[in-house]
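The following explanation leads the reader through a structure of paired chains. Please keep the sequence and the coordinates at hand while reading.

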Amino acid sequence: MAKSYTKIRSTRAEKAIALAFFTPFALLFAIFTIAPVVVALVLSTTNYSVIQPIPIFNAIDNYIYMFTQDEIFITALQNTITFAIFLGPLGYVVSFMVAWILNSLKGKNLFALLFYAPSITSAIAMGVVWLYFFSPDRYGFVNNFLFDMGWISEPILWTRDPERILFITVVVSVWMGMGNGFLAFLAGFQNLDKEIFEAGSIDGIKNKFQELIYILLPMMKPMLLFGAITTIAGAFAVNDIPLTLAGYPGPQNAAMTIVGYMNDYAFTRLDLGYASAVAVFLFAVTFAFGRIVMKVLGSKDE
Amino acid sequence: MEEMRQEIIVQKVKEKEQKVKRFKISVPMILLYLLVLGVVAFTSMPLVYLVSTAFKPLNELFVFPPQFFVRNPTLRSFSELFLALSGNEVPFTRYIFNSVAVSVITVVGTWIVCTMGAFAMTKLKLPFKSKIYTIIVATLMFAAPAGQLTSYIIIQNFGWMNTIWALTLPKMAGSLFIFLLIQNFNVVPDALLEAAKIDGCSSWGLYYKMMIPMTRPAWATAIVFSFVGSWNDFFGPMLYIQREAMKTLPLALQLLQGGPGQVARAGAFAAAGLLTTLPTIIVFCFMQSKVINTMSNSGIK
């Protein structure tokens with residue numbers, strides 16, 4: 001029955017109506033989502049900057065410099081990968097487990113809200129909290145707690161010691177970063193047909209673990225894929241939290257991320273060609289990871 | 001229609017039976033609750049602390065050893081925020097107004113642009129549908145900030161610096177929003193629209209009188225995400241807005257956080273942080289069930 005509607009021969013008028021509906025989105029999407037990628041690609045092959053207002057083509061010079069000579073870029077890359085490793089797999093698995101557990105509890109909506117709420121707060125607004133939590137003296141909560149437990153004798157300079165900044169940034173990011181994946185998982189669990197569990201128990205599924213491997217994960221594949229894609233995009237976009245925690249860019253670039261680095265070149269040094277190359281790299285990395293998870297989790301046969 | 005109704009009734013009865021069956025009190029269940037309570041207490045700790053701090057009087061803000069919970073709650077920080085800043089070039093209420101204006105325009109724009117776009121993508125004869133869909137899914141993967149720099153160049157060339165367009169238009173056609181809408185519009189049976197079409201309903205009528213009312217949870221979700229993204233946006237306003245009278249709340253927070261007098265303003269900063277955080281939490285409280293329903297169609301195959 002559904003087929004017959006689409007089978008009606010499409011006429012020019014119908015196409016025109018469809019285009020009329022689609023044009024506002026298409027225009028804004030083309031200008032603010034597609035064009036930035038194209039412009040970045042083009043600019044990344046030039047030396048366009050405030051001292052070089054007429055861009056000159058320099059092929060892949062920017063990229064060569066980025067990977068061979070730019071030590072700060074490599075630091076930013078390492079930091080970002082550290083973030084991505086924790087925020088990605090860790091945040092992803094925790095989100096999934098919590099959604100799984102919550103699904104079988106009463107009052108799951110309230111729990112879900114309390115679990116998810118930090119990720120819809122503004123990083124800047126929560127800055128006030130971290131200010132008190134990680135204050136580098138005994139007035140800071142974390143330091144005070146560690147003192148009381150007798151684990152430290154000197155206050156830890158959380159936001160000033162380069163070796164600690166990355167650590168607390170990761171902690172805070174995971175804390176606040178339970179993203180859209182969690183909601184998708186929760187929804188996925190909620191919509192699973194309950195009968196499938198009964199069928200599973202007839203087929204010899206004995207415990208929760210087997211249920212997870214043989215029923216939940218295969219059924220949830222589309223959700224898992226959506227969650228993975230948004231998590232990857234989010235993990236590589238980390239910038240607000242290190243910015244609020246460590247200031248900019250932190251001592252010895254300890255909290256410098258690729259996004260932070262790109263913004264530095266773009267808006268402080270106004271070296272737009274080079275910043276574009278960093279942006280293109282970021283596009284390429286998230287896209288590559290996205291393709292990989294699509295290969296792993298996607299179902300080609302449908 | 002009758003069939004659907006019956007199915008729904010059967011499903012509801014089943015759900016009720018399951019509920020009765022599932023909630024047996026047992027030791028593992030209690031342990032599970034304790035575990036979840038622990039996790040939730042941990043994740044919501046910063047928020048609880050923010051609320052508590054915003055109501056602390058000055059002496060409790062700097063007391064040693066530091067106190068987590070407020071003892072003598074006071075509204076002093078809030079009055080300070082509104083009064084003390086009145087000597088400022090721009091009163092705090094102006095930032096609130098700006099944030100509300102920007103968010104409302106963004107949300108309304110998102111709603112119009114994305115529901116119409118998703119309607120064309122799912123129920124009309126739009127050429128190159130599957131190619132467009134592939135592109136939209138691909139852009140879901142992009143880390144948003146990667147486009148910031150070139151968006152900036154584009155917006156500068158449009159002459160949109162210090163205008164509300166710079167903060168609203170770029171956010172409307174979000175790939176996440178239209179993706180969620182497409183997934184949910186697809187669920188609406190074509191047969192329903194076909195019937196209405198035979199009865200003489202125009203495309204606009206199909207969109208406005210049928211799709212929009214039937215997909216309320218879906219677009220409500222898109223609106224929630226759009227609102228949260230717009231309300232919390234810090235980097236956009238920082239780039240595009242230099243005029244103090246046009247700045248939004250996140251920028252006002254940054255103003256409060258830094259500079260001289262920072263310690264004296266600690267209370268006002270906490271109050272402003274709470275006021276900035278509350279709207280997104282409240283909106284989410286009311287919309288949570290709709291959001292989760294919509295997300296159940298978010299899978300990518």
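Does F128(B) count as buried, partly exposed or exposed? With 9 C-beta neighbours inside 10 Å, F128(B) counts as exposed. The cut-offs behind these words are as follows: a residue is buried if 20 or more other C-beta atoms lie within 10 Å of its own, exposed if 12 or fewer, and partly exposed in between, with C-beta atoms placed from the backbone.

The model is a predicted one, in which local features need pLDDT of at least 70 and side-chain atom pairs count only at pLDDT 80 or more, while totals for chains, interfaces and linings use all residues. Residues are numbered from 1 along each chain as its sequence is written, and chains are lettered from A and ligands numbered from 1 in the order in which they are written.

The loop that holds F128(B) runs between α5 (92-123) and α6 (129-140) of chain B. Helices here (H or I, at least four residues) and strands (E, at least two) are DSSP runs, numbered from the N terminus. Most residues other than glycine have a negative phi. F128(B), although not a glycine, has a positive phi of about 60°. K125(B) is also found in the loop between α5 and α6 of chain B. K125(B) has 19 C-beta neighbours inside 10 Å and so counts as partly exposed. The C-alpha atom of K125(B) is separated by 14 Å from that of L206(B), 81 residues apart along the chain.

A positive phi of about 60° is found at N162(B) too, again at a residue that is not a glycine. N162(B) is placed in the loop between α7 (148-158) and α8 (165-172) of chain B. N162(B) is exposed, because 12 other C-beta atoms lie within 10 Å.

The secondary structure of chain A comes to 15 helices and zero strands. The radius of gyration of chain A, taken over C-alpha atoms, is 24 Å, well over the 19 Å that the globule rule gives for 302 residues, so chain A is more spread out than a compact globule. That rule is 2.2 Å times the number of residues to the power 0.38. Along the principal axes, the C-alpha atoms of chain A fill a box of roughly 65 × 65 × 35 Å. Of the 302 residues of chain A, 47% count as buried.

Chain B likewise comes to 15 helices and zero strands, and 42% of its 301 residues count as buried. Two residues are in contact if their C-beta atoms, placed from the backbone, lie within 7 Å. Among the contacts in chain B with a separation of 6 or more, residues 24 or more positions apart account for 76%. In chain A, 67% of the contacts between residues at least 6 apart in sequence join residues at least 24 apart.

The two chains meet through 89 residues of chain A and 83 residues of chain B. Helix α2 (residues 12-43) of chain A gives the most to the side of chain A that touches chain B, with 19 residues. That side of chain A divides into 62 nonpolar, 20 polar and seven charged residues. In this division, Ala, Val, Leu, Ile, Met, Phe, Trp, Tyr, Cys and Pro count as nonpolar, Asp, Glu, Lys and Arg as charged, and the others, Gly among them, as polar.

F25(A) lies in helix α2 of chain A. F25(A) is buried, because 27 other C-beta atoms lie within 10 Å. Leaving aside its neighbours within four places in sequence, F25(A) is in contact with V113(B), C114(B), M116(B), G117(B), A173(B) and I178(B).

Another meeting of the chains brings two helices together. The axes of helix α5 (residues 108-116) of chain A and helix α2 (residues 27-54) of chain B come within 7 Å and cross at roughly 40°. Axes are lines fitted to C-alpha atoms, for helices over the stretch in contact, and angles run from 0 to 180 degrees between N-to-C directions. F111(A), L114(A) and F115(A) of α5(A) make the contact with V36(B), V39(B), V40(B), T43(B) and S44(B) of α2(B). These residues divide into six nonpolar, two polar and no charged.
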